[in-house]
Amino acid sequence: MKINFNYKAIFIILSASVLLGIIYNTFSSSGIDFIRKEIKIEFVDIGDSENSGNLKGIKLSQVLELYNSKSAIFVDARDQWDFSENHITGAINIPEFSFDENEFMQLNIPKESVLVIYCDGDDCDTSKRLAIQIYKLGYKNIYVFLDGIKTWIESKLPISNVKK
């Protein structure tokens, strides 16, 4: 039995799909950049009021200082499966890929709170993207822990999991 493919029809359908996807993405408010923009991080000291417009990054020693003083809210930007496997004890999970402004505002986190946002490590951009979204909601005391959960675990610091 010989199957005949209509390559011309397949090509037209695929081309139309790609074109419609590009048009939708271009005009959508939540469109995806075709070329990912680099998100710059500026390492600062905690409480540093200088703001160059870049995200503020902090190192493990500063994260630990905030953790031990219980003066920050830790936000895990990874998905719920990674969060359930391990996370910084006391952290809340707000996956960047499904971030919803209304759901976030229902958490009633005061805008003057210090937030430390992290993900897997320095090759992970989800913490940066989540920080930008939360910053747009009026939260200004946001720090990104670039070394993330991997460094936290390697340093044998407290972690939790929600596995049953």
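These legends walk through a few views of one predicted protein model. Residues are numbered from 1 along each chain as its sequence is written, and side-chain values use heavy atoms, with hydrogens and water left out. Because this is a predicted model, local features need pLDDT of at least 70 and side-chain atom pairs count only at pLDDT 80 or more, while totals for chains, interfaces and linings use all residues.

View 1. Helices (H or I, at least four residues) and strands (E, at least two) are DSSP runs, numbered from the N terminus. Starting at that end, the order reads α-β-β-α-β-α-β-β-α-β-α-β-α-β. With a radius of gyration of 20 Å, well over the 15 Å that the globule rule gives for 164 residues, the chain is more spread out than a compact globule. That radius is taken over C-alpha atoms, and the rule is 2.2 Å times the number of residues to the power 0.38. The C-alpha atoms fill a box of roughly 70 × 40 × 30 Å along the principal axes.

**View 2. Here is the largest nonpolar core, with 19 residues.** Such a core is a set of buried Ala, Val, Leu, Ile, Met, Phe, Trp, Tyr and Cys residues joined through side-chain atoms within 4.5 Å. Buried means under 20% relative accessible area, exposed over 50% and partly exposed in between (1.4 Å probe, protein chains only). Phe104, Ile117, Leu130, Ile134 and Tyr139 touch the most other members. Strand 6 (115–118), helix 5 (126–135) and strand 7 (142–145) each supply at least two residues of this core, and helix 5 gives the largest share, three residues.

**View 3. Zoom in on Ile134 and its contacts.** Contact means heavy atoms within 4.5 Å. Skipping neighbours within four places in sequence, Ile134 is in contact with Phe99, Phe104, Leu115, Ile117, Tyr139 and Ile142. Apart from this core lies another, of 18 residues, including Val44, Leu60, Ile88 and Leu157.

**View 4. Asn25 sits in helix 1 (residues 7–27).** Is Asn25 buried or exposed? Asn25 is buried, with a relative accessible area of 17%. Beyond its neighbours within four places in sequence, Asn25 is in contact with Gly31, Ile32 and Phe34.

**View 5. Back out to the whole chain for burial and contacts.** Buried residues make up 35% of the 164 residues. Among contacts between residues at least 6 apart in sequence, 62% join residues at least 24 apart.
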